[in-house]
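Subject: Structure handover and findings

Hello,

Please find the structure below, followed by notes on what was found in it.

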Amino acid sequence: MTNSQNLFEKSRIHIPGGVNSPVRAFGSVGGTPIFFKRAKGAYVWDADDKSYIDYVGSWGPMILGHAHPEVIRVVKETAELGLSFGAPTELELEMADLLCSLLPSMDQVRLVSSGTEATMSAIRLARGYTGRSAIVKFEGCYHGHADSLLVKAGSGALTFGNPSSAGVPPETAQHTLVLDYNNKGQLEELFAKMGDQIAAVIIEPVAGNMNLVAPEKPFLDALRNLCTKHGAVLIFDEVMTGFRVGATCAQGLFGIKPDLTTLGKVIGGGMPVGAFGGRGDIMQQLAPLGPVYQAGTLSGNPVAMAAGLATLKLLQIPGFFEKLSDTAKALTVGLSDIAREKGIPFSAQSVGGMFGLYFRDAPPRSYAEVMQCDKAAFNHFFHFMVEEGVYLAPSAFEAGFVSIMHGKDEIDRTLESAKKFFSKA
Ligand SMILES: *Cc1c(COP(=O)(O)O)cnc(C)c1O
């Protein structure tokens, strides 16, 4: 038995399923989850001292690579001064100023401790601001695990949703409508029918929780225009894409100004952080100024702020996103070329430092198309690559991530391993 297998067996006694977040359990790919004990740069080491090139990066935050010396330095320094005060600090001010200076859509921002908190609070704020209850999301997008967002489509496209998790009251799900990603016509139809009841539309501007699905620009433009026309709040959930797809997030990349933006992952540099912010007139509805309540004991935690600030400053270096994007592209183009040579139905694409791999002829445009990918083929690929020392997301339905520490060596080694797999297939 490996150390990972042993640790997993023991973890299952006092932790449901042995993990503290479901995807870590390898339910989708099968087998035993790999327990990690340390990481540096582009690499992680497991409990059995085997090393892997890491394409998960803690699901996105580790954009500078693991244990970046500058991030670790400020974390240690800040920790020496006290871990939490439950009172305002200058580091929060610095973080808020930096976020608002980097994002033209953001007049004000509130800091929280997770992406889930950020999206949940943004939804409440949008409802408080508009005085409306209905919200719209897109199938396959994930916005954390708040009740109103764990909803799947109802019987028809324009009917209210059903809970996608036990424990979510149907009455809660009934306020959420679920539409198809990239379906502009459906969106127009919905707004024509009930635009004046919609508090908010929340979207991953590049979807990264159903593998990677890129948005079509006319779809995003229509979304912006319809929300403006009908007085609905447009929320860009950039918890994953924020400072991951580019220096000004997906909103900068696609030239869309959302009303509210949620952030997380990268802005915490590996520490638990989330944020939501946007238009001043909306943000001022929040307590203590306004009637919409929101709070957090550890919100704006100094150590988390320090890690996030150090990360955000380092990725402002000119050329950072060019290098990151080139790395992701070298990987996806390399993989596609190998698969094409061997005649295997496979495609891949990247946006900034995120990428998608699909066992399917072309990149999917919607959740339904994502579901057409050959899941068994991915699972074989995943386990083969693990053997080779390459750690991909343990699910065919998750995006992948590169860090600035991934270079030619790591990409070449990954492509070599993939070539072996595709040659056997
Ligand atoms: C990860 C993620 C969340 C949830 O963030 P947590 O910190 O895990 O609560 C929300 N939205 C998107 C788009 C995410 O990728």
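The model is a predicted one, so local features need pLDDT of at least 70 and side-chain atom pairs count only at pLDDT 80 or more, while totals for chains, interfaces and linings use all residues. Residues are numbered from 1 along each chain as its sequence is written, and side-chain values use heavy atoms, with hydrogens and water left out.

Ligand contacts

A polar side-chain atom of Asp237 is 2.7 Å from a nitrogen atom of the ligand. On the oxygen side, a ligand oxygen atom lies 2.8 Å from a polar backbone atom of Gly115, and an oxygen atom of the ligand is 3.1 Å from an N or O atom in the side chain of Asn209. The protein buries 83% of the 380 Å² that the ligand exposes when taken alone; accessible areas come from the Shrake-Rupley method with a 1.4 Å probe, and for residues only the protein chains shown count as cover. A polar contact is a pair of N or O atoms within 3.5 Å; within protein, one must be able to donate a hydrogen and the other to accept it, and residues adjacent in sequence count only if both atoms are side-chain atoms.

Cavities

The search ran on a 1 Å grid over the protein atoms alone: a cavity is a set of points where a 1.4 Å probe fits but cannot get out, a pocket is an open set with protein on both sides within 12 Å along at least five of seven lines, and lining residues have an atom within 4 Å of a point. Points are joined across faces, edges and corners, and a volume is the space filled by probe spheres set on them.

There are 4 cavities of 30 Å³ or more. The largest cavity has a volume of about 100 Å³. It is lined by 13 residues, of which Phe355, Leu357, Phe378, Glu398 and Gly400 are the closest to its centre. The lining of the largest cavity divides into 8 nonpolar, 4 polar and 1 charged. Strand S14 (residues 354-358) gives the most to this lining, with 3 residues. Helices (H or I, at least four residues) and strands (E, at least two) are DSSP runs, numbered from the N terminus.

The second largest cavity has a volume of about 50 Å³. Its lining includes Asp54, Arg244, Ser403 and His406, and the classes are 4 nonpolar, 6 polar and 2 charged.

Two of these lining residues also pair with His406. The His406 side chain reaches the backbone oxygen of Asp54 at 2.7 Å and makes a polar contact of 2.9 Å with the side chain of Ser403. His406 sits in the loop between strand S16 (400-401) and helix H14 (408-424). At 2% relative accessibility His406 is buried, where buried means under 20% relative accessible area, exposed over 50%, and partly exposed in between (1.4 Å probe, protein chains only).

Second largest pocket

This pocket holds about 530 Å³ of space. Among its 27 lining residues, Glu92, Arg110, Leu111, Ser299 and Gly300 are the closest to its centre. Helix H3 (90-102) and strand S4 (108-112) are the elements that give two or more residues to the lining, and H3 gives the most, with 5. The lining divides into 13 nonpolar, 10 polar and 4 charged.

Single residues

- Ser347, in strand S13 (residues 347-351), is buried at 6%, and its side chain reaches the backbone oxygen of Arg360 at 2.9 Å.
- Ala287 and Pro288 are joined by a cis peptide bond, with omega about 10 degrees; Pro288 lies in the loop between helix H9 (280-283) and helix H10 (302-314).
- Phe26 is not a glycine, yet has a positive phi of about 65 degrees; Phe26 is buried at 3% relative accessibility.
- Ala67 also has a positive phi, near 50 degrees, and is partly exposed at 27%.

Regards

Note on methods. Ala, Val, Leu, Ile, Met, Phe, Trp, Tyr, Cys and Pro count as nonpolar, Asp, Glu, Lys and Arg as charged, and the others, Gly among them, as polar.
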